[in-house]
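Below is a note on one protein chain, written as numbered points. Please keep the sequence and the model open while reading.

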Amino acid sequence: MLEESPSDTPQAYLHGYSNILPGLESALEGHAKGEFLEVTLSPEQGYGPRIDSSIQRIPLKHIKDKGKLKKGQIVSINTDRGVRQVSVMKVGRFVVDVDTNHPFAGLTLDFKIDIQDVRVATEEELSHGHAHGKGGHHH
Ligand code: ZN
């Protein structure tokens, strides 16, 4: 098990706005509240193949997560293309070696999805391009 939504806070997304993986979004198309789906995505449909030689040495201060880092930990870094998740490989005093592959890169992903609710999006959600409220964005 790589990830699980807490049962009291299912993930909310806005269908048709690329909030989730495209393969997952198309599998959910046309399904209703109360349905249960099992979806398998290849690495290509998921987070892409794992790329060797993608270890980078970056200054510790670029790591957004606070506290002591350890090998294998997933942390967020600021890049010119926005925030990215990387895996910690080796921690130095001022620098840290990270693997920039997405933690789920190269994996075939099996999803088990319980559709707990389907509702009409609000005007505000449509203009923001994401779901609000429980399981969605709060801002
Ligand atoms: Zn919003």
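1. Start with Ser18, which sits in the segment before helix α1; helices (H or I, at least four residues) and strands (E, at least two) are DSSP runs, numbered from the N terminus. The phi angle of Ser18 is near 55°, a positive value in a residue that is not glycine. Ser18 counts as exposed because its relative accessible area is 61%, where exposed means over 50%, buried under 20% and partly exposed in between (1.4 Å probe, protein chains only).

2. This is a predicted model, in which local features need pLDDT of at least 70 and side-chain atom pairs count only at pLDDT 80 or more, while totals for chains, interfaces and linings use all residues. Residues are numbered from 1 along each chain as its sequence is written, and side-chain values use heavy atoms, with hydrogens and water left out.

3. On confidence, the average pLDDT of the protein is 91, and 100% of the residues score at least 70; pLDDT is the predictor's confidence in each residue, from 0 to 100. Confidence is highest in helix α2 (residues 123–128), at 98, and lowest in strand β3 (residues 74–79), at a mean of 84. Where pLDDT is low, the predicted coordinates should not be read in detail.

4. On the overall layout, the protein has two helices and six strands. Their pattern along the sequence is α-β-β-β-β-β-β-α. The C-alpha trace spans about 50 × 35 × 25 Å along its principal axes. Of the 139 residues, 29% are buried. Contact means heavy atoms within 4.5 Å; among contacts between residues at least 6 apart in sequence, 58% join residues at least 24 apart.

5. Which residues make up the largest nonpolar core? They are Ile20, Leu21, Leu24, Leu28, Leu37, Val39, Leu41, Phe104, Leu109, Ile113 and Ile115, 11 in all. α1 (22–28), β1 (36–41) and β6 (109–114) are the elements that give two or more residues to this core. The largest share, three residues, comes from β1. A nonpolar core is here a set of buried Ala, Val, Leu, Ile, Met, Phe, Trp, Tyr and Cys residues joined through side-chain atoms within 4.5 Å. In soluble globular proteins, nonpolar side chains tend to be buried together.

6. Apart from neighbours within four places in sequence, Leu24 is in contact with Val39, Leu41, Phe111 and Ile113. There is also a second, separate core of nine residues, among them Ile58, Ile77, Val88 and Val98.

7. The largest pocket has a volume of about 1900 Å³. It is lined by 46 residues, and those nearest its centre are Ser5, Pro10, Gln11, Ile113 and Asp114. By type, the lining divides into 24 nonpolar, 12 polar and 10 charged residues. α1 and β6 each supply at least two residues of the lining, and β6 gives the most, with six. For the types, Ala, Val, Leu, Ile, Met, Phe, Trp, Tyr, Cys and Pro count as nonpolar, Asp, Glu, Lys and Arg as charged, and the others, Gly among them, as polar. A pocket is an open set of points, on a 1 Å grid over the protein atoms alone, where a 1.4 Å probe fits, with protein on both sides within 12 Å along at least five of seven lines; lining residues have an atom within 4 Å of a point. Grid points are joined across faces, edges and corners, and the volume is the space filled by probe spheres set on them.

8. Is Ser87 buried or exposed? Ser87 is buried, because its relative accessible area is 12%. Ser87 belongs to strand β4 (residues 82–91). Beyond neighbours within four places in sequence, Ser87 is in contact with Gln73, Ile74, Asp97, Val98 and Asp99. Ser87 and Gly72 are 15 residues apart in sequence, with 5.6 Å between their C-alpha atoms.

9. Asn78, in strand β3, is partly exposed, at a relative accessible area of 46%. Leaving out neighbours within four places in sequence, Asn78 is in contact with His62, Lys64 and Val83. The C-alpha atoms of Asn78 and Lys64 are 7.3 Å apart.

10. Pro22, in helix α1, counts as exposed because its relative accessible area is 59%. Glu3, in the segment before α1, is exposed at 62% relative accessibility. Glu3 and Phe111 are 108 residues apart in sequence and 9.7 Å apart in space, C-alpha to C-alpha.
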